[in-house]
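Take a look at the model below. We will go through it one part at a time, from strands to rings to domains.

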Amino acid sequence: MVSRPEGAPGAGHLAAEEVPVPEPGPGRLLVRNRIMSVTAAMRTMMTESDLPMPAFVPGRALWGPAVGEVVRASGGGFAPGDLVVHPYGWREYAVVEEERAHHADPAVLPDPAAYLSQGATAWGALTRTAPVRPGDTVFVTGAAGGVGAMAGQIARRLGARRVIGSTGSPHKAERLRTELGYDDIVVRGAGPALEQLRRAAPEGVDVLLDTVGGEQLAAALAVAATGARCALVGALTAQLGGAPAAVRVDPALMVARRITLAGFSRQDHPDLPGEWAAEFGRGLRDGSLVFPHVRLRGIAQAPRALFELTEGRHIGSVLVEV
Ligand SMILES: NC(=O)c1ccc[n+]([C@@H]2O[C@H](COP(=O)([O-])OP(=O)(O)OC[C@H]3O[C@@H](n4cnc5c(N)ncnc54)[C@H](OP(=O)(O)O)[C@@H]3O)[C@@H](O)[C@H]2O)c1
C-alpha cells in the first residue's frame, strides 16, 4: 500500500513492487501463492476504522487469505509440493509460519480455490449465533457478497422455508433468485427497505444474517418474528457506502418479541473452517451447493479486483490467480 486513502481508494494507493524472494527461517515455509481472495474487509483495512481488524500499513504489502504451493519446508508436517491455505496473499512468494498454514486437502475440496470461500462465516453465523430451524424465514443482507452468496444456500440447507436477500441492483437480484436459491430480494435504492421486507416476509423474519447494518438492519428488527435470532456479521453500509451502520434498538420490542441480537466473529470459532470444508465438499460433490465466485488473472489485477468488489460489480467471492 503506497498511502492510506482519505476517501474512495484508487489506483494510486496500491502498487506492485519487485523485491528479493524472502528466506524462510526455522519453523517457516516458503510458499508460491496460486490464488488469493479480495474482500470488503480489505477496503476497510486500508483506513483506520472502528472495526475490530488491524489496518494495513503504508509501505508494506497487504495480506489476506491465499492458497499456495510449498516450495521450501523444514519439516513440521509440510513438504515441497503441498498445497496450503494461509493468511499471506497479495504477494507471489510468502514466508508463512508453520502454525498459520493448513493443508488444502483435495480429498475434501477438489478445487483449492474453494478453500477461499466465505462460507465458513455464513455457516458459523447460521449454526452458532442465529441457528436456522426447519420452516424458518431467513433474511440475509449483502446477499451478493462472498458471505451472502453462500448464506442463502446454507439457510436452505438447514431447512429454511423462505430465504430473502438484499442487494444493490435489479440485475443482481434476478441472479440471486435464479442461481442462488433466494425467494425474494430487497433492492437497495428501490424504495424503503422496510416496505420491501414487509412484502417479502409477511409473516416476519425468524433469522437475520446481517452484513450491511443501517436501514436494512432496522427493517429486519422491525419485522422480526417472536423468538427471532439475529447474527450481526458486518457493516457494509459504513464499510463501502460511507453511511452510518448504527441503528436505534427498541428494548420494549426486543423484550416483547424475545429477539436475540448477537455479534458473530469467525475468529471465535477455530473449529469452523474444518467443519465447513467437510460440509462444503459434500455439497459440491452431490451438487447441492455451488461456489459463486469470479477469478481475475495475475497479481497486477488485484487492486482492480478490490475496486470492482467495492463497486459491487461481482456476485460471490472475488479471487485473483497469482
Ligand atoms: N464477522 C466475521 O467473522 C466476518 C467474516 C467475514 C466477513 N465479514 C464481514 O461481512 C461482510 C460481508 O463480507 P463479504 O466478504 O461477503 O463482502 P464482499 O463480498 O466483499 O461484499 C461486497 C458486496 O457488498 C455490497 N455492497 C457494496 N456497497 C454496499 C453498500 N453501500 N451497502 C451494502 N452493501 C454494499 C456489494 O453488493 P451489492 O451492491 O449488490 O449489495 C458487493 O457485492 C463485511 O462487512 C465483512 O467485513 C465478517
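**Strands, rings and domains**

Strand 2 (residues 66–72) and strand 3 (residues 83–86) run antiparallel, joined by four bridges. Strands here are DSSP runs of E with at least two residues, helices are runs of H or I with at least four, and both are numbered from the N terminus. Two strands pair if DSSP finds at least two bridges between them. Opposite Val-84 in strand 3 stands Gly-68. Strand 3 also pairs with strand 5 (residues 102–103), in the antiparallel sense, over two bridges. There, Val-85 stands opposite His-102 of strand 5.

A word on the source: this is a predicted model, where local features need pLDDT of at least 70 and side-chain atom pairs count only at pLDDT 80 or more, while totals for chains, interfaces and linings use all residues. Residues are numbered from 1 along each chain as its sequence is written, and side-chain values use heavy atoms, with hydrogens and water left out.

Now the rings. How many aromatic pairs does the structure hold? It holds four. Rings of Phe, Tyr and Trp (its six-membered ring) pair if their centres lie within 6.5 Å; planes under 30 degrees apart count as stacked, over 60 as edge-to-face and the rest as tilted. The ring centres of Trp-123 and Trp-276 are 5.9 Å apart and their planes stand at 40°, so this pair is tilted. Trp-123 belongs to helix 2 (residues 119–129) and Trp-276 to helix 9 (residues 272–286), so the pair ties together parts 153 residues apart in sequence.

Phe-280 and Phe-291 make an edge-to-face pair, 5.9 Å centre to centre with 90° between the planes. Phe-280 and Phe-291 are buried too. Ring pairs link Trp-123, Trp-276, Phe-280 and Phe-291 into a cluster.

Finally, the domains. The domain assignment gives domain 1 (11–117 + 291–321) and domain 2 (119–267); such bounds come from an automatic or database assignment. Their C-alpha centres lie 28 Å apart. Domain 1 brings 15 residues to the contact and domain 2 brings 14, where contact means heavy atoms within 4.5 Å. About 1100 Å² is buried between domain 1 and domain 2, and carbon and sulfur atoms give 62% of that area. Buried area is the accessible area (1.4 Å probe) that two parts lose on being put together, summed over both.

Key. Buried means under 20% relative accessible area, exposed over 50%, partly exposed in between (1.4 Å probe, protein chains only).
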